[in-house]
Amino acid sequence: MVNKTDIIASFAKGLRVIEAFHADRPRLSISDVAEATGLDRATARRCLLTLHELGYADYDGKFFTLTPRVLRLGMGALAAMPLAQLVQPWLDQLSEQIGQSASVSILDGTEIVYLARAAQKRVMSIGLMPGSRLPAHCTSMGRVLLAALPEAQARAILDRSDLTPRTRNSLTAPQEIMERITRARIDGYAVNDQEIELGLRSIAVPLFDTHGRVAAALNIGVAAVQSSAQELVTLYLPALLKVQEGLRRVLR
């Protein structure tokens, strides 16, 4: 166990401040950060001003926004991960072959974290890149990753999730979402029909390592131009399974 005297409390507080910023709240005041982190206002102010001084945040006199410099904190680690390095060439090739965007992510709590991405065209209104996060319960990759867990564990994650609908297609009933997760476990893939954003459909499969364990998820995201989401299975599942099989031999 780590001795508490070895922990730098101020550093931990600074990380909490950085984590307070999200895609849906990119501009935060000192009061906003204090409320989101549980820090007192004076501490939140010092952390924010430190980030500003070091170039990690912009400040307009009232609101703070993170700068691209903050990506250095995560991009280097993501790029150094063997998984990200291994899958990127496969993603690039897959995306080029089918003319659609392809991504790989892992599960982190109630969210998925993008490790690698090959984008052909922008389908979503929000830009996705390595390090981006989305709710696991309403994404195709999230559901295949949850399907890899024991049912009780997947249910516990779902119970902690914010089920606020992202679109009119979003499922919000826990039992219905669990049924989709179970379906993904049985089928070996998951299809998402505009639950994360209208106009976006996706299909995902798990990625296995050489020991048969689920290491990540792979998906293809497309504009919702098909007559039904199920057409994605015919159109793209064979290509996904081919990459899945190829990576199974190299992921450790």
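The model is predicted, so local features need pLDDT of at least 70 and side-chain atom pairs count only at pLDDT 80 or more, while totals for chains, interfaces and linings use all residues. Residues are numbered from 1 along each chain as its sequence is written, and side-chain values use heavy atoms, with hydrogens and water left out.

**Nonpolar cores**

- A nonpolar core is a set of buried Ala, Val, Leu, Ile, Met, Phe, Trp, Tyr and Cys residues joined through side-chain atoms within 4.5 Å; buried means under 20% relative accessible area (1.4 Å probe, protein chains only).
- The largest nonpolar core has 27 residues, and Val87, Ile203, Leu207 and Leu218 have the most contacts inside it.
- Two or more residues of this core come from each of α5 (82-98), β3 (101-108), β4 (111-118), β7 (200-208), β8 (214-223) and α9 (231-248); helices (H or I, at least four residues) and strands (E, at least two) are DSSP runs, numbered from the N terminus.
- The largest contribution to this core, seven residues, is from α9.
- Apart from this core lies another, of 26 residues, including Met141, Leu145, Ile177 and Ala217.
- Not counting residues up to four places away in sequence, Leu207 touches residues including Val87, Val104, Leu218, Gln244 and Leu247 (contact means heavy atoms within 4.5 Å).

**Helices α5 and α9**

- The axes of α5 and α9 come within 11 Å and cross at roughly 160 degrees; axes are lines fitted to C-alpha atoms, for helices over the stretch in contact, and angles run from 0 to 180 degrees between N-to-C directions.
- The two helices, α5 and α9, are therefore roughly antiparallel (an angle over 145 degrees).
- The contact joins Leu86, Val87, Trp90, Leu94 and Ile98 of α5 to Tyr236, Ala239, Leu240, Val243, Gly246 and Leu247 of α9.
- By class, the contact of α5 with α9 has ten nonpolar, one polar and no charged residues; Ala, Val, Leu, Ile, Met, Phe, Trp, Tyr, Cys and Pro count as nonpolar, Asp, Glu, Lys and Arg as charged, and the others, Gly among them, as polar.

**Helices α2 and α3**

- Helices α2 (residues 30-37) and α3 (residues 41-53) pack at about 110 degrees, with their axes 9 Å apart.
- Helices α2 and α3 are therefore roughly perpendicular to each other (65 to 115 degrees).
- Ile30, Ser31, Val33 and Ala34 of α2 meet Arg41, Ala44, Arg45 and Leu48 of α3.

**Leucine 134**

- Leucine 134 lies in strand β5 (residues 133-135) and is buried, with a relative accessible area of 4%.

Notes:
Buried < 20%, exposed > 50% of the residue type's maximum accessible area, 1.4 Å probe, protein only. Parallel < 35°, antiparallel > 145°, perpendicular 65-115°, else oblique.
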